[in-house]
Amino acid sequence: ALFICGAAYGMGILNALNHWKAAAFTPCLLNIVWIAALCGMAFWPDLPVRSRVFLLGFAILAAGILQLTFVLLRVRATKKADGTGIVLRPSFLGWGDGATKRVVSKTLQGAIGAGAAQICTAIDQLLAQAATPWAAGVIAFADRLMELPLGLFAVSFTTVLLPTLSGAFGRHAIEEARETFMRAFVGLVKILLPAAVGIALLAEDLTRAVYEGHLFDETA
């Protein structure tokens, strides 16, 4: 959590400075590392399950360190107006500044919103477990299918939208911010509504195509 939060902070800086590629590539490092770890374990079929779990855990930890290191290097390579790089160092200076207080306040508001979503997910899981032993797993697997269009489109839209809106508000261009938000919102609706309909109509076929392969049968 420490490494990924630090990486997310650096990614926010890169996005704000319109360096999209490096910020977009950073999450890919996690996937690359843990897929490599899983592929590596395939060469040791006799490895105990406990050892596999530990190795995968350490691979994720290593991926977090790699992500943070990559972001810090990319931020340092980003030049400021005076031609020098941006070096991120821990500091307790500036906490009383009005701009810092505003950032902390907005961050807390965002955390409450994100936390509410996690609480709802936890409640879903608890209700599912109370209903039947296998329901929680079904919800989790269905959630992965639902997140596919969200991850492809919604996250991409919002990643670009956040610094764009921040820039507009920084210039006090409220009307520009409103028009940008509405264009993005309409664009997302045009993509996600058909995706929702498609997932609903093709639910059984998608489940078979994505999940029912190899040893992962209907019962699993």
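**Why these labels? A predicted helical model**

Modeller: Gly-170 is found in helix H5, where a helix is a DSSP run of H or I with at least four residues, numbered from the N terminus. This is a predicted model: local features need pLDDT of at least 70, side-chain atom pairs count only at pLDDT 80 or more, and totals for chains, interfaces and linings use all residues. Residues are numbered from 1 along each chain as its sequence is written, and side-chain values use heavy atoms, with hydrogens and water left out.

Colleague: Why is Gly-170 called exposed?

Modeller: Exposed means over 50% relative accessible area, buried under 20%, partly exposed in between (1.4 Å probe, protein chains only). Gly-170 has 57%, so Gly-170 is exposed.

Colleague: How do you know how far H4 reaches against the expected span?

Modeller: The expected span is 1.5 Å times one less than the number of residues. H4 has 34 residues and reaches 50 Å from first C-alpha to last, close to the 50 Å expected.

Colleague: What makes Asp-97 a cap for H4?

Modeller: A polar contact is a pair of N or O atoms within 3.5 Å; within protein, one must be able to donate a hydrogen and the other to accept it, and residues adjacent in sequence count only if both atoms are side-chain atoms. A side-chain oxygen of Asp-97 lies 3.0 Å from the backbone nitrogen of Ala-99. Asp-97 therefore caps the N-terminal end of H4.

Colleague: Which helix has the lowest confidence, and which the highest?

Modeller: pLDDT is the predictor's confidence in each residue, from 0 to 100. H5 is lowest, at a mean of 83, and H3 highest, at 92. The mean for the protein chain is 85, and 95% of its residues reach 70 or more.

Conventions
Helix = DSSP H or I, 4+ residues; strand = E, 2+ residues; numbered from the N terminus.
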